[in-house]
Each structure stands twice: as structure tokens, then as C-alpha cells.
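Trainee: Please take me through one part of this structure in detail, starting with the place where the chains meet. I'd like the cut-offs spelled out as you go.

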Amino acid sequence: MADKADVWQGTLALMVLKTLDTLGPLHGYGIARRIEQTSAHHLSVNYGTLYPALLKLEQEGYVASEWGLSENNRKAKFYRLTRAGRKQLEKEARDWERTTAILARFLASREQPS
Amino acid sequence: MRAMRAWLLRLRGTFAGAGADRDLAAQLESHLQLHIDDNVRAGMSPEAARRQAILALGGVEPTKERYRDRRGLPALDALWRDVRYAVRVLAKRPLLLAATTLSIAIGTGINVSVYSVLQRVLFDPLITGDAPERLVWVTPGISYLNFQDMRTARLPIALATMTMTTATWRTAQGTATISAHVVSDNFFDVVRVRPAIGRTFHEGDANAAVLSHGFWQQRFGADPTIIDRPIEINGAEYTIAGVLPEGFRSQAVISPGVYLPTGGRVAGALDNRRAAYFDLVGRLAEGATRGQATAALRVAAEQLESRYPAENSGFARRLTVVPGHALSVFDAVLPAGVAIGAAGLVYAMAGLVLIIACANVAGLLVARADERAREIAVRIALGATRARLAQQLVAESAVIAALGCACGGAFWIWCAALVREAPAVVAAGVNVVPASLPLLYCAGLAVLVTMACGAAPAWTAGAVTPATVIQAGRSGRAFGRLSLQRALVAGQVAISFLLLTAAALLVLVFVRSRSAESSIDVAHTVAVQVRLPRSRGGDFFWLREAVERVAGVDGVSCDQSVTPPVTFTTLLHRSGVSDDAGYATATARVGPRYFAVLGVPIERGREFTDSDFRSKSVTVPMVVNQAFARRYLGGADPLGRQFLLRGDDESGRSAHVAAIVGVVRDTSVSALNHDRVPAVYTPALTTFLVVRVKGPAAAAIGDLERAIATRDAGAAVSARTMGDRLAAARVPTRAGALLMLTLGALAIVVAMTGLYGVVSYTANRRTFEIGVRLALGATRPAILRLIVGDGLRLVGLGCLAGAVLALLFTQAAAAVLSTAGGAADPLAFAGVLGIVLSAGLAATLWPARRASSVDPVIALRHE
């Protein structure tokens with residue numbers, strides 16, 4: 001467990017939005033597992049940051065929540081993406097792609113010392 | 001937008017209660033369950049599954065903490081917690097809470113009361129009406145003849161005029177003096193006010209009267225059938241035309257009972273171009289600016305100046321136009337600094353009481369912070385920042401300030417209700433309306449008080465370091481010698497001393513003004529105000545003839561409607577001396593044999609006789625009092641000295657020479673200073689009679705009124721004894737003295753609470769030391785002396801500072817309030833010193849006794 005990296009600050013919100021976009025309404029545990037699985041267990045979600053992050057997204061109106069029953073009949077709070085959330089996801093994904101592209105170019109240029 | 005929405009939700013989240021916490025707990029619980037289920041499905045034993053899930057979840061409490069921070073606004077949340085904590089802490093110390101709340105309540109209550117009155121008197125707009133932004137005042141005053149000429153000129157402004165007067169209203173039960181506004185017939189049209197019932201004045205109205213709403217309610221029981229009924233004012237009959245709407249004001253403090261048209265000729269001096277007694281109100285025409293109106297008015301004024309150069313010199317130059325809604329008494333009616341100075345002084349005094357109260361609360365809170373030095377040190381050791389600690393201490397003072405100001409505000413509302421119902425206020429028609437502005441002011445005070453009270457404890461708490469406190473232990477002096485708290489108490493004593501001195505000076509003035517009047521024979525004199533429906537020339541002699549025939553009458557003279565001894569202060573100049581600075585003096589205009597009627601002895605020369613009023617001599621005779629002779633003429637013989645009297649608007653006389661023919665004993669005393677005021681009496685005939693009777697004054701009133709009624713059935717008469725009249729004139733001084741006494745008494749009570757607090761607290765802290773002293777052989781009286789001496793040193797310091805302040809104050813007050821310089825009064829100072837010292841002794845004795853009666857064994861075991 002010790003070699004697993006924590007999720008970077010700021011990227012968690014994007015991952016949560018993307019997860020909800022892909023899988024539809026999901027509870028907090030499901031979101032955490034999904035992120036861990038997608039990262040092939042390279043990332044571990046700190047629950048101390050996950051729930052405040054969900055609350056922040058809800059306060060900003062990107063997700064909505066309601067209590068429901070999980071697939072194995074456990075009571076759980078389900079989060080779903082709102083229309084504003086979908087728009088935000090598109091915007092943030094674009095921004096992220098641009099940032100990574102720029103960084104990738106930077107890193108690539110370092111590999112060729114003159 | 002989104003950030004705003006999130007912020008608002010967090011604001012709401014701050015006050016979310018246990019429900020929100022339960023929601024999170026349920027979410028975390030469900031999270032855990034889902035994880036366990038997964039683990040079991042993956043093949044773990046239930047125990048291992050649970051253990052692993054809990055490990056993965058991590059600390060539940062930190063998660064909850066972070067979630068809560070996100071849900072609410074942490075800073076606000078902390079503040080809210082601090083306030084709740086402060087309430088809990090204070091609730092445990094009811095005595096402290098009561099003392100501090102009471103101090104603040106007294107301070108704010110007084111301040112709000114003073115503020116509400118001052119707002120009423122000084123800052124409220126003088127006039128209300130439709131579209132008030134187009135209303136203007138033209139200053140200075142104007143004479144009625146000038147007004148009529150200006151009114152006919154073509155101007156970009158519609159002009160109306162008004163003046164205040166008192167009138168005698170006769171009913172079936174008797175007569176009453178009421179205040180009246182005499183207005184031009186277009187006044188209500190210019191101001192644009194629609195009557196509640198009936199109508200306002202038509203053009204050329206002479207016999208119509210319009211009632212104010214308050215007068216109609218109080219005197220006529222809001223009778224809607226009042227229209228067209230007759231009302232007798234100043235002996236003439238008017239018809240009630242209408243009633244004005246509630247809340248209409250044409251002057252700030254006194255709302256007049258009736259409005260009468262200038263056509264009714266109630267006001268004097270309608271035919272005198274010099275008598276600029278009328279206020280000019282204007283409404284700007286559509287599209288006209290104030291600048292255009294001013295220019296046009298100046299042109300009109302210049303024309304009047306060139307037509308009547310003697311009467312109107314400087315008229316155009318002085319003329320200014322000010323916005324009507326902005327103007328208050330503060331700007332217009334009281335150009336002399338007197339009223340503003342007096343109001344400012346009262347305000348300053350009220351402010352000082354609040355300062356004392358704040359110092360008191362601050363002192364008590366500093367003592368509390370000292371008591372809690374250990375708690376504070378532990379908090380710091382555990383990582384609390386100083387800002388957090390300061391915030392917590394300020395929260396305590398905020399709770400006290402809020403409570404105190406709420407009590408003060410409630411007290412004020414209660415007082416305002418009482419005052420409004422008071423018969424004297426109802427009769428005078430004074431507007432006292434609880435307004436929202438004073439309450440806003442009260443809230444502002446609460447904020448100020450919070451800062452003032454919280455700053456000191458927060459500062460001292462900031463000086464705490466855990467190491468010193470823990471080393472010092474219980475008996476240690478974490479805060480040095482509590483110098484801040486001691487300074488605060490000394491300051492309170494100083495301010496109380498100042499307030500008490502001011503009160504004492506006013507009381508002395510009051511007492512001495514009574515003794516000065518004793519040279520008037522009040523037991524046998526009656527003042528009879530007569531208003532004749534029309535003058536027949538020689539009214540005084542004609543009335544005197546009738547009054548002298550009444551049995552028991554011993555002499556008749558006349559004066560002005562105001563109290564005889566004190567009237568307007570003017571500057572006199574020596575005749576023939578061009579460069580003299582002038583002599584400040586009170587002037588009064590009196591009739592023949594005036595002093596004989598009042599029973600005031602003539603010290604030298606003679607007083608006015610009938611022949612003075614019949615002769616056409618160029619030099620006017622005048623009588624001065626002893627104070628005038630003493631101060632301005634030294635030891636020289638006053639008789640025959642000549643002075644230049646200024647031109648007199650009312651009689652239309654230009655400047656003339658007057659020669660002293662007699663000196664009378666002093667009767668005049670300044671209202672705000674106990675000095676004898678120089679006074680000059682000049683001859684004048686009026687219908688305000690002063691009558692000397694052989695029997696008791698009160699018994700003669702009926703006979704005198706009947707005698708005048710038979711002489712002229714239309715005459716309005718109101719008679720009262722000279723004693724009553726003088727008492728009425730003394731009301732302002734008396735009210736001032738009472739107010740100051742109240743303020744002073746409250747201040748000393750509050751200051752002594754503070755002193756008691758600091759002495760008992762210090763004594764308590766020195767319990768161990770006292771135990772040691774007793775064990776080593778000190779006697780109990782010695783301990784008592786030690787503690788009392790400590791307290792009295794503070795009082796002494798405070799008195800010293802207070803005496804300096806009081807000296808400065810009497811200088812300042814003398815400069816503002818009186819014509820003659822008032823020196824520090826040794827009697828007042830000695831009295832105040834005695835009061836403060838004995839109060840200080842009383843406040844220290846009780847805690848000192850308790851301290852000296854400790855059992856050394858218990859005191860030493862304490863450690």
C-alpha cells in the first residue's frame with residue numbers, strides 16, 4: 001500500500017466527474033473503487049478528501065445526491081452528474097489535455113541534449 | 001456565480017445542526033459496509049474483511065472534520081462556537097454578567113436618548129411636504145413687506161413665508177397659551193401638503209385657522225365635525241378650515257397648535273420693513289436650479305435695497321438659498337453657538353458615561369483573563385493561535401455588548417413612550433417619535449462597545465506565554481501588576497469626577513439663581529399678559545387705569561413677555577468713543593415704576609416715571625444694575641454716563657444715545673453661570689402687565705382677569721403669579737442640573753462597580769501573601785489598611801486626573817455657555833472630592849474586610 005500514490009489535489013474532482021459520466025449514478029465507495037481500478041491500483045483514494053470533494057462538487061451544483069439502495073441492498077448515497085457537471089467535465093478535460101500536451105512536449109525536448 | 005452559490009450553501013451549512021452530521025456518519029457507515037461486503041466476496045473471513053475495511057477507510061474523525069470544514073465556513077463556524085462558549089462561560093458568572101450588562105445598558109441607554117433628542121432637534125429636516133427636493137429655504141429672515149414685494153416679482157421660484165409666535169386660545173374653560181405659526185396664505189400650496197380633513201388657506205384668507213394633527217387629536221379628540229367651527233385666538237374669532245396630516249412638520253421641535261394666515265394680523269411687525277422676523281420658504285419652478293433661483297432673488301433683493309436703502313442695507317449680499325430637506329435647526333435657526341455648544345456638552349457627557357461603562361467592562365474582563373491565565377496558557381501550549389484566543393475573548397465582550405445595548409435600546413423605547421405621554425410634552429406639542437435611526441445608532445454603539453471592551457483583554461491575553469504561567473503557579477503574577485486594569489479604574493474615577501463637577505456647578509447655578517431672585521417680591525406680584533384685539537394707542541395707560549381700580553392693587557407696570565431679569569444679550573458702546581470694544585450686557589424693556597412694583601430696591605438715582613414715556617427728549621433714560629456699574633464703570637459715578645443704543649427694529653428707531661438715570665439691585669443671573677449678569681433697562685410700554693397686590697398674589701388673579709375683561713370684552717388675558725413665571729423660566733436650568741446630576745450619579749455608580757471589582761480581585765489574588773503576613777504577625781487592621789490604601793491610591797490618582805479635566809471643562813464651558821467667565825468653584829470641587837472619596841472608601845472596604853479575615857492556615861494550605 002505504501003508505494004501507492006495519493007490522488008493529486010485538483011485532479012480528484014475531474015476523476016469523479018468522469019467516473020459519474022461513464023458509470024452513471026454511483027455511491028462514494030463505488031467512485032473510489034472505480035478510480036483505483038482504472039488506475040490499475042496505482043492510485044489510492046483518501047476518503048478524507050473524497051467526501052469533502054463530493055460535497056464541494058454538490059455545493060457548486062455539478063453533482064446531485066440522493067439516498068438509495070446498492071446492488072447488494074445496502075443503503076447508500078448516490079451521486080449523479082448534473083447538466084452543469086457535464087459541461088464542467090468537458091471544459092476541465094479539455095484544459096487537462098492541453099496541460100498534459102504542453103508538459104509532454106517539455107519533457108520530450110529534454111531527452112535530446114544538444 | 002457558482003462560487004457565490006457554494007458560499008451561500010456553506011453559510012447555511014454553518015448553522016446545520018446534528019442532522020448534517022448524521023448524514024455524513026450514515027454515508028461513512030454505508031461506505032464501510034460496502035467495502036466489507038466486497039472483501040467478503042473476495043474470500044476474506046468477516047473479521048478480516050471488517051478489519052481491512054476499517055484500515056482502508058482511515059481515521060473517521062479527521063474525515064468528519066474536513067467534511068465539516070467544507071460544509072460550513074470554518075471561520076464563521078469558529079466564531080459561532082466562540083459565541084456559544086462565551087454565553088456558557090458568562091452564564092456561569094451571573095454577577096459578572098449582570099454588572100457588565102448593566103454598565104453597558106446605562107451607557108447606551110443614555111447615549112441613544114441623547115442622540116434621539118439631538119437628531120430630532122438638530123438634524124431632522126425642518127419642513128416636510130411633497131417633492132421636498134425642490135423645496136428651499138432662503139436665509140436669513142426677511143421682513144413681511146419685503147416678502148410681499150418679492151412675491152410679486154417674476155422669479156423662477158414660488159415664495160411663501162412663515163413666523164412663529166405664541167397666542168392665547170380662549171375656550172369655555174379658560175385661556176391657554178399655545179404656539180402658532182403665522183404663514184402667508186400660499187404657504188401650504190408652496191410646501192404642497194394636502195389637509196387630512198377640510199382645506200388649507202385660500203388666497204386672502206384672514207379669519208381661517210388650520211389645526212395641526214397633534215393639536216386636533218389632543219385638544220379636540222380628533223373630532224371630524226370640527227370643520228367650520230369657531231375658535232377664539234388672541235381675542236379674535238377664526239373659523240377652523242382644516243386639519244393637517246399626521247407627521248407634517250414646519251419646524252423641528254415644537255409643532256404649533258394652529259396655523260394662522262398673515263391676513264389675520266396676529267404676528268407683529270407686519271408693516272415694518274426692518275423687522276426681518278419671517279422665514280422664507282420657496283419651491284423651485286420646474287427646470288430651475290438653485291443657482292438660478294439665487295441669482296434671480298439677489299436681483300430682486302438689490303432692487304429692494306436701492307428702493308429702501310436705510311432698511312435693506314446688505315440684504316442682497318446676505319441672501320442665500322439652501323436645500324429645504326437638508327436644512328435643520330442646526331443650520332438655520334440657531335446661528336449662535338449656544339445651543340450647539342450646550343447640545344455638544346450634553347452629548348460629550350453622555351459619551352463619557354459610555355466610556356466609563358466600557359472601561360469598567362474591559363477592566364472586569366481583564367481580571368477574568370488573568371484568572372484564566374492557566375487555561376489560556378494550556379490552549380497556547382496545545383497550539384491555539386493568539387488570533388483564535390483574541391477572537392474568543394472578543395466574542396465574550398460581543399455577547400456583553402449585544403446584551404447591554406439591547407437592554408439600553410429597550411430602556412430608551414420605554415422612556416420615549418413615557419415622555420410622549422407626559423402631559424407637559426403633550427401640551428407643548430413637542431414631537432417625540434421613536435424612530436428607527438436611533439436603534440440603528442444603538443446597534444452601531446454595540447459594535448463600538450465590543451471593540452472597546454474586547455481590545456484590552458485580548459491584548460493582555462496575547463502577552464501570556466505558557467512557560468511563565470506554568471512556572472508562576474497559582475499565586476504567580478502572570479500579568480505583572482495588572483497595571484492596565486488599574487489604569488482603567490483610575491480613568492473611570494477621573495471621568496466620574498469630571499461629570500460630578502459639571503453637575504455640581506449646574507446645581508450651584510440653579511440654587512444661586514433662586515437666591516438672586518429673592519430680591520424680587522414674588523409673594524405679592526402677578527404677571528398679566530393681555531392681548532387686545534386691536535390697538536387703540538396708549539394701551540398700557542388705558543389698561544393701568546382699569547387695573548389700578550381693583551381693590552388691593554398697589555402698583556402697575558409692564559415688561560416683555562419673557563422673564564424680567566434676563567433677556568437678549570447685546571453689545572453697548574460708549575457714546576462718543578469710536579474705538580471701544582463694547583460691553584456685553586443683558587437688556588430688558590420695562591415700564592414706569594417697574595422696580596417699585598417688583599419690590600427691587602433702587603440703589604442710586606431713580607427709575608422710569610410716566611414723564612419718561614411722554615417726553616420727546618433725544619436722549620433716552622436708562623437704568624442699569626449693580627453688576628453693570630461694578631464691572632464696566634468701576635468706582636466711577638454711573639449717573640449721567642452715556643451709551644449708544646443700537647437701532648431697534650421693532651419700534652423702527654435708529655441708533656440713539658441713552659444716559660444712565662439710576663442703578664438697581666441685581667436680579668439677573670445667567671442661566672448657565674452663577675455670576676451676576678450686567679443688565680440694562682430701557683423704557684418701553686407693552687400690554688404685558690406686572691401688578692403689585694397687597695394680599696397673596698394667587699388670590700388676586702381672578703379679580704385682575706375680570707377687571708380687564710370688563711375693560712375690553714375682546715381682550716385675551718392670561719395671568720399667573722410672578723413665582724410661577726420665574727419657575728417656568730428656570731425649567732431649562734433645572735432640567736440641565738437634573739440631567740447632569742443623573743449622569744454624574746450613574747457614572748459614579750458604574751465607576752465604583754469597577755473599583756469594587758478590581759479591589760476584590762486583587763485582594764483575592766493576594767490571599768496567599770496575606771496569609772504569610774498574618775502568619776508572620778501582621779495585625780488584621782494593618783491588612784485592612786493595606787488593601788484599602790491600595791484601592792484609595794487608585795481613587796486619589798483618578799481624582800487628580802479628574803480635577804485637571806474638570807478645570808479644563810469649566811474653562812471650555814465658560815467660553816461656550818456664558819457671557820461672563822466662570823471660574824472653578826472651590827465649593828463644587830471640595831464637595832465632589834468628598835463624594836468620590838467616600839464612595840471609593842465604601843467600594844474598597846467590603847473586599848478589604850473579607851481579605852483581612854482570611855484564616856492564615858487555610859490561605860497557606862491553598863497553594
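Mentor: Some ground rules before we look. This is a predicted model, so local features need pLDDT of at least 70 and side-chain atom pairs count only at pLDDT 80 or more, while totals for chains, interfaces and linings use all residues. Residues are numbered from 1 along each chain as its sequence is written, chains are lettered from A and ligands numbered from 1 in the order in which they are written, and side-chain values use heavy atoms, with hydrogens and water left out.

Let's go to the interface. On the chain B side, 24 residues are in contact with 26 residues of chain A, where contact means heavy atoms within 4.5 Å. The size of an interface is often given as the accessible area lost when the parts come together. Here the two chains bury about 2,400 Å² between them, and 56% of that is on carbon and sulfur atoms. Three residues of chain B, Gln27(B), Leu34(B) and Arg70(B), supply 25% of the area that chain B buries against chain A, more than any other three residues. Buried area, by the way, is the accessible area (1.4 Å probe) that two parts lose on being put together, summed over both.

Now the polar side of things. Between chain B and chain A the count is eight residue pairs in polar contact, with both residues at pLDDT 80 or more. A polar contact is a pair of N or O atoms within 3.5 Å; within protein, one must be able to donate a hydrogen and the other to accept it, and residues adjacent in sequence count only if both atoms are side-chain atoms. Which elements of chain B touch chain A with two or more residues? They are helix 1 (2-14), helix 2 (18-41), helix 3 (46-57) and helix 4 (60-71) of chain B. Helix 2 of chain B gives the most, with 12 residues. Helices here are DSSP runs (H or I, at least four residues), as strands are (E, at least two), numbered from the N terminus. Sorted by class, this side of chain B has eight nonpolar, six polar and 10 charged residues. In that sorting, Ala, Val, Leu, Ile, Met, Phe, Trp, Tyr, Cys and Pro count as nonpolar, Asp, Glu, Lys and Arg as charged, and the others, Gly among them, as polar.

The chains share three salt bridges, each being a side-chain nitrogen of Lys or Arg within 4 Å of a carboxyl oxygen of Asp or Glu. Asp37(B) pairs with Arg74(A) in a salt bridge, with the closest N and O atoms 2.8 Å apart. There's also a network of salt bridges that links Arg33(A), Glu36(A), Asp38(B) and Arg41(B). Within chain A, Arg33(A) and Glu36(A) form a salt bridge, their closest N and O atoms being 3.9 Å apart. Both sit in helix 2 (residues 28-38) of chain A, three residues apart, about one turn of the helix. Glu36(A) counts as buried because its relative accessible area is 10%; buried means under 20%, exposed over 50%, and partly exposed in between (1.4 Å probe, protein chains only).

Asp21(A) is partly exposed at 31%, and Lys18(A) is partly exposed at 47%.

Over in chain B, Glu769(B) and Arg766(B) meet in a salt bridge at 3.0 Å, N to O. Glu769(B) is partly exposed at 24%, whereas Arg766(B) is buried at 14%. Over all chains, the count comes to 27 salt bridges.

To finish, take a residue of another kind, Thr450(B), in helix 16 (residues 436-462) of chain B. Is Thr450(B) buried or exposed? Buried, because its relative accessible area is 13%. Leaving out residues up to four places away in sequence, Thr450(B) touches Val394(B), Ser397(B), Ala398(B) and Ala401(B). Val321(B), in strand 10 (residues 320-323) of chain B, is buried too, at 7%.
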